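Let's take a walk through this structure together. Have a look at it below, then read on.

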Amino acid sequence: MIRRTVNALGDGPRPRMDAQWLVNGDIVPGALGMLLVQALSKGAELPVHTLPAAESVTFLLSGKGEWSAPREPWPLAPGQGVYNPSESRRAFRATDDEGAVMLVVYGGTTDPRDALPCATYGATGCGCRIAGAADRGDGALRAAGGFIDMGVRWLATTQTVGARALVVATSTFTPGGSHALHRHPRADEFFLVLQGGGEHLTQDGPVRLNPGDMAYIPAGEWHGFRTDPGTTTRTVYGYLGAGSLEQAGYELLEEET
């Protein structure tokens with residue numbers, strides 16, 4: 001498990017444009033994808049570009065902005081985002097007085113050079129907005145079990161947007177909520193706390209996670225989470241190297257009796 005803190009979610013003014021790599025092949029050798037946090041002040045723009053070698057999800061963590069679309073901009077607020085397959089058009093402008101902070105999840109590459117903007121020649125489409133789909137009683141996660149008082153909303157998966165090498169979702173742990181030790185044999189996981197806090201669970205003991213803290217869990221590593229007593233914890237999380245929970249795999253650690 002690797003613990004990282006998102007600097008832009010702390011107090012203080014937003015820089016006009018700032019980027020913080022959380023995960024790529026240089027930072028985490030053997031990683032199955034990449035994570036980047038992009039902070040923009042009001043009026044700052046990410047220019048129109050494409051990423052030929054990567055699919056991505058841009059998820060707004062704070063502030064507001066507009067995603068460039070052919071007919072009219074798509075307004076984005078915290079908890080909303082856009083999925084882009086490779087070669088599709090990307091552009092964003094921060095509109096909130098406090099600027100905007102975005103988490104960008106990349107699938108299909110671990111080389112940060114693949115995230116450099118390229119010319120839009122030949123670009124097709126501008127991606128698609130992602131909306132949450134609640135995990136139902138017959139959903140894969142609910143069927144797998146191992147959690148208490150935890151709700152999940154799937155944002156980007158193979159089923160929802162055609163993603164191949166990434167999954168992005170949000171989860172809410174109400175007071176008393178927890179997710180028992182489990183692992184994903186075929187995908188890495190990232191788990192970023194947005195509100196509340198608690199303990200990331202490992203076989204060697206708990207690790208504290210506060211708002212802005214992220215746990216990155218390599219494929220096959222046992223992990224879980226327990227929210228603080230009396231606290232509701234909200235997170236954004238996902239898998240790298242797979243497009244669904246089924247592809248990532250899901251195994252609960254059997255308790256010794």
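## Ground rules

Buried means a relative accessible area under 20%, exposed means over 50%, and partly exposed is in between, using a 1.4 Å probe on protein chains only. This is a predicted model, where local features need pLDDT of at least 70, side-chain atom pairs count only at pLDDT 80 or more, and totals for chains, interfaces and linings use all residues. Residues are numbered from 1 along each chain as its sequence is written, and side-chain values use heavy atoms, leaving out hydrogens and water.

## Leu201

Leu201 sits in strand β16, residues 198-201 (strands are DSSP runs of E, at least two residues, numbered from the N terminus). With a relative accessible area of 14%, Leu201 is buried.

Beyond its neighbours within four places in sequence, Leu201 is in contact (heavy atoms within 4.5 Å) with residues including His179, Leu181, Trp222 and His223. Take His223: it is 22 residues away from Leu201 along the chain, yet their C-alpha atoms are separated by 5.3 Å.

## His184

Now for His184, in the loop between β14 (166-183) and β15 (188-195). Is His184 buried or exposed? His184 is buried, because its relative accessible area is 2%.

His223 turns up again here: it is among the residues in contact with His184, along with Glu189, Tyr239 and Gly249, leaving aside neighbours within four places in sequence. As for Gly249, its backbone oxygen lies 2.8 Å from a polar atom of the His184 side chain.

Conventions: Helices (H or I, at least four residues) and strands (E, at least two) are DSSP runs, numbered from the N terminus. A polar contact is a pair of N or O atoms within 3.5 Å; within protein, one must be able to donate a hydrogen and the other to accept it, and residues adjacent in sequence count only if both atoms are side-chain atoms.
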